[in-house]
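User: I am new to this structure. Please take me through some of the terms used for it.

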Amino acid sequence: MSLDTVKNAEQTPDAAQPWAELGLKQDEYARVREILGRRPTGAELAMYSVMWSEHCSYKSSKVHLKQFGEKKPETDAMLVGIGENAGVVDVGQGYAVTFKVESHNHPSYIEPYQGAATGIGGIVRDILAMGARPVAVMDPLRFGAADHPDTRRVLPGIVAGIGGYGNCLGLPNIGGEVVFDSCYQGNPLVNALCVGVMKHEDIHLAQASGAGNKVILYGARTGGDGIGGVSVLASETFDDSKPAKRPAVQVGDPFQEKLLIECTLEIFGEKLVKGIQDLGGAGLSCATSELASAGSGGMRIDLDTVHLRDHTLSPEEILMSESQERMCAIVEPDKVARFLEICEKWDVIANVIGEVTDGERLEIYWHGELVVDVPPRTVAHEGPTYQRPFARPSWQDALQADAPTAERLARPTTGEGLKADLLKVASHPNQASKSWITDQYDRYVLGNTVLSHGEDSGMIRIDDETNLGVSVATDGNGRFTKLDPYTGAQLALAEAYRNVAAGGAKPLAVSDCLNFGSPEDPDVMWQFAEATRGLADACLTLGTPVTGGNVSLYNQTGEVAIHPTPVVAVLGVIDDVTRRTPVAFAEEGQLLYLLGDTEDELGGSAWSQAVHEHLGGLPPKVDLERERLLGEILISGSRDGMIDAAHDLSDGGLGQALVESCLKGGRGARVVVPEGLDPFVFLFSESAGRAVVAVPRSEELRFNDMCTARGLPATRIGVVDGDGLDVQGQFSVSLAELKDAHTGVIEALLG
Amino acid sequence: MARVVVDVMLKPEILDPQGQAVQRALPRLGFTGIADVRQGKRFELELEGPVDDAALARIREAAETFLANTVIEDFTVRVEEEGK
Amino acid sequence: MTTRVGVVTFPGSLDDRDARRAVRLAGAEPVALWHRDKDLHQVDAVVLPGGFSYGDYLRCGAISRFSPVMETVIEQARAGMPVLGICNGFQVLCESHLLPGALTRNDSLHFICRDQKLRIENNGTAWTRDYAAGQEIVVPLKNGEGRFVADERVLDELEAEGRVVARYLDVNPNGSYRDIAGITNAAGNVVGLMPHPEHAVEPLTGPTTEGLGFFTSVLKQLVNA
C-alpha cells in the first residue's frame, strides 16, 4: 500500500475515502475538505474522525455543557477551570487541589478487568498532567441486577481491575458508590475519580509554545492498542462486526504508570516542562493537536522517532494508538538532556519526536514525507456542534403520576412490619455493606487517609504539619433523575455537598460525570438537557463551580437507555483533619438529633425499590438554601466539637442511617418517633437536607442554641445506648441481627 | 491417563507488561541476547477417557469460553505424548 | 547520635514514604535508599517496604532481589544488621533466601485490605523487643500474595526455634500455613512481616498505633548494642 502523503492527496482529489466507516457524517467530511482546501490524507482523516467523535468532541452535549461556564458562581477558589485536563482549586496554605471524575463504561463491559484498570490509569494521568501528585482515587460504579448472571461476570472483573491497577499504583481508594439496577444490565457504569495535590506554582497546562522547544513522548512504547477504540468503542453501541486485526481493548501496566508518575513529578520538581499532556483517547492525534491548538505556534512531528512495540504499524495507526501509560511534554532545548536523564533513572523510555514551530500548522512526517498538515484548532477545538432535538418523553407524566402513596404501595403499620421493612432495606444489595468490594482496595497507602469506605466522604490529609485536608464525595441517583432529571441532578449535587459537610469539610467545587443513553433519542436528550440545567442552576446557588468532568453517551442497549445518571463529585476543604466527623456512633450516652424537615417523600426511594420494586412519583424536593444552612451547621459543629458523629440521610432514610452508624460504632441507639410524625415516614422518607448527628451531653445546649439561632430545625430523637436499635413503642432489633442483614449480601451473590 | 495441554498466551498485539518487565531485567543479570519475552499460562488437563476428536473439541470449547479470555488471549491445545 | 534507618525504594515500591514516616515518629532518622545504589549510606538498619516492586511481575520480589542495593543488604544482614521486610519486602527477603519459605497467592484469590489482629509470638527479635510476649495488636493488612508457605520440615523448624514472630488471630486472611504472619532468621535480626505496622503509627490514619513498636524496638536494639 502506498503512503497517502499530502502531495498525493492534492494530486488525487477524487480518491474514495472511508469517512463513513470511520464514523464521520457526510457534512463533516465535506467540512474537513473545506478546511484543508483538498481531500484529507489517510492520517488526517483518521485524526479528524477520532477527534470529531462524540467522545472527544462533545458535539451533542456541548451546547448544554456551556451553562456550567455561563452560570459559574463567583468564587476565588478556582485556579484552573473547564477545558484543561482537570480543574484546579485553591485550598489554602499555598496548596492547590485538582480532581476529576471520568467514565470508562463501554470498555469495562467488553473486558471488565482491563477496562476498569485503564479507567483508573487514564484519570490518574489527567491529574498528573496538571502538575499534581495523585493522592487518592474513588470509583462510582453501577451494575445490572445483583443476582443477574452477567453481573457475576462484570462486577468481580471490574472490582479486581480497579484494585489491581490502583493498588499497584499506590493510591488509596477512599470511597465511591456501588449501585445495582437492572437498567444498567448491558451498560455498567465505571466512573473513576482521582484527586491530586500540588503547590500553586506547580500548576502545569497542556499547551505548546516557544518555537524550537522540543516535543518529548515518554512512557510505554506505542503498540496497536485500542486503535479506533475511541470512536468505535466509546461512541457507538455494540455490534459484533468490529475488525479483529487490532485489539480494541487496551491492557494497562500499572507498574509502568507508577514509574511514569514518579518520573514526571521529579521532572516537574526541576521545572523542566513548559507544557504537558497525557495520552488517552485518540492518543498522539489528540495530544499533539491539543497541545498545538492551545499554544502559540505550530508543531512538527516526525513519527519515525516514536518508540514502537509493533513495527508493522502504519502512520495512521501510530496516531490513533491508545497504548496506555504515555505522556507528551514540551521542553526547552537546553533542558532536554536533563529530562531524558530523569527518564533513564526511572527506566522510562523517552524520545524527542518533534518541535514547536513558529508556523500555524500541525505537520506530521513519516519516512520524510508530509502526511499531516492541518490547522490544529480545527482538529482539537473546532469540531462540529449539534443541536440535537429533545422533547419531554411521552411517558414522563404517567411515571410521575404513579406516586408511592399508601394506597398504591402497602406501608407497614405495625412495629413488626416496620422492622421487617427496615431489614429488607438494609439487606438490599444497594444498601448492604460493600466491604467485600472495598476490602479489595488499599485504603491505607500513603498514610494520609482520614476517612474512607463506609463514611459519608473520603478524606485525606494533605499536610502532615498543619493537618490541612480535603474530602470528596460522589453521588448520583438514577432513579430520582429518571423521575425528574432537573431535580435528580440537583439532588445528586445536594447529597454530595451534604456528605462533604457531614465529614466536617467546606464544599468548594464540583466535577461531574454525565452518564446517559443515546443523544439521538429526543427523550434521552431531554433528560440530558434537564439534568445539565438543573446541575448548573444548583451549582450557582450553592457556590460550587463545575471544574470539569466528562460525558458518556450511548449507554443503552437497543432502544432501552439506562436511567439518566449524572454522578456528581464535590470537593471540600478542612483546615484541621483531626476535627473530622465520622459516621460511627462511638460514645454511649450521646444525644441523637435529627436535623432538617421530614416529609412524606418516598418517590424513587430505597424503600420503594427494596420492598416493592417500584419506581414512580416525584423525587424529594430540593431546597438548596436549606442544604447550605445544614452544611454550615455540620461544619461548625465539627470544628467546635459540638458533634461527634454525623450521617447524612439519603438512600433508605433515617432508618438506614441509624443502622449504618450503629454498626460502624458497635453501639446501639434508642430513638423516639417525634410527635406528629408517622413512624413509617420517620424511618423511610428520603426528604433531602437532613442529617442525624450525635451530640455530647455537655454540648447539647450550645448545639441547640446554634441551630435555633440559625433557623435549622433540630429534633432530639434519642440517645446512643444499648446493643440494638430500639424504636420506642414500635420495635427493637439487636446489632447482631442488623449485622446479619447488612453484611455478607454481596459476597453471597458474587463471591 | 491422557494429558492434554492448553497453552494460553496474550495475543501478539496485546501489551504484555509481565514479559516486558522480565525482558528488561534479564540483561541486568547478565542474560543477554534475548530480544523479547512473553509470559503465558499452561494448563494440564488429565482426561478420564480417551483423547478422541470429541474430547478435544470439548477441551477447545472449554479453552475458548473459560481458560482463555479470547478478547485478549489466544490458546493452543495439544496432546502430551505418553512417556514424555 | 541519631540512629539512621534506611528505607529502600525499588521501582514500584509504594509504602516507602509511610515507612520513613514511621521511622521518624519512632525517633530515628529515615534515610532513603535507591535500588540502583549499592551504598547503604551508613545506616544502622534497613526496611524493605511494601508495594509492588517491578509490578510483582514474574514473582513478587523476584526481580528486586537482584537489584544492586540488595547485594549490600544481603551481605550486611548476614553480618547482623537489622532488616525488616514488610509485605513486598518480606517477599524480597524470601526470594533472597534470607528467610525460608515463600509468599503465594491468597487462598481467596482476592487482594485483601483489612484491620488484622496479630499475636506477637517472639519478642526477642531486633524488631519486636518493645512488645510483650504474646501481646495482641491490630495493624492493617493488605496483600494479594500473602499466603506464607513452606514445607513441613521448615515449618516445624520455625516453630521449634521460636522463629514465628507474629501469627494471625481470629481470621487467617490469606490461608498462610499455621497462621503465620511473620518470621525471623535464626539470629533474630532479619524479620519478614506480611501486615503493615507502618500504617498503624498515628491515631488519625491508622486503626491503632500498635505498629510503632516495630520501629521503636530497632531503635532500642541499636542504642543498646
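**A covered helix and an open sheet**

Analyst: In this predicted model, helix H24 of chain A is mostly covered, with 12 of its 13 residues buried.

User: How do you know that the span of H24(A) agrees with its number of residues?

Analyst: The expected span is 1.5 Å times one less than the number of residues. For the 13 residues of H24(A), residues 653–665, this should give 18 Å; the end C-alpha atoms are 19 Å apart, so the two agree. After the helix comes A:Gly666, with a positive phi near 65 degrees.

User: Why are E1 and E5 of chain A called edge strands?

Analyst: The open sheet has 6 strands in the order E1-E2-E3-E6-E4-E5, with mixed pairing. Strand E1 (78–80) and strand E5 (173–180) each pair on one side only. On average, neighbouring strands of the sheet are turned by 25 degrees against each other, direction ignored.

User: How do you know that E2(A) and E3(A) pair?

Analyst: Two strands pair if DSSP finds at least two bridges between them. E2 (residues 87–92) and E3 (residues 95–103) of chain A have 5 bridges, in the antiparallel sense, so they count as paired. A:Asp90 has A:Ala96 in E3(A) as its bridge partner.

User: Which strands does helix H8 of chain A touch?

Analyst: H8 (residues 112–129) packs on the sheet and touches E3, E4 and E6 of chain A.

Conventions: Residues are numbered from 1 along each chain as its sequence is written. Chains are lettered from A and ligands numbered from 1 in the order in which they are written. This is a predicted model: local features need pLDDT of at least 70, side-chain atom pairs count only at pLDDT 80 or more; totals for chains, interfaces and linings use all residues. Helices (H or I, at least four residues) and strands (E, at least two) are DSSP runs, numbered from the N terminus. A residue is buried if 20 or more other C-beta atoms lie within 10 Å of its own, exposed if 12 or fewer, and partly exposed in between; C-beta atoms are placed from the backbone. Axes are lines fitted to C-alpha atoms, for helices over the stretch in contact, and angles run from 0 to 180 degrees between N-to-C directions. Two residues are in contact if their C-beta atoms, placed from the backbone, lie within 7 Å.
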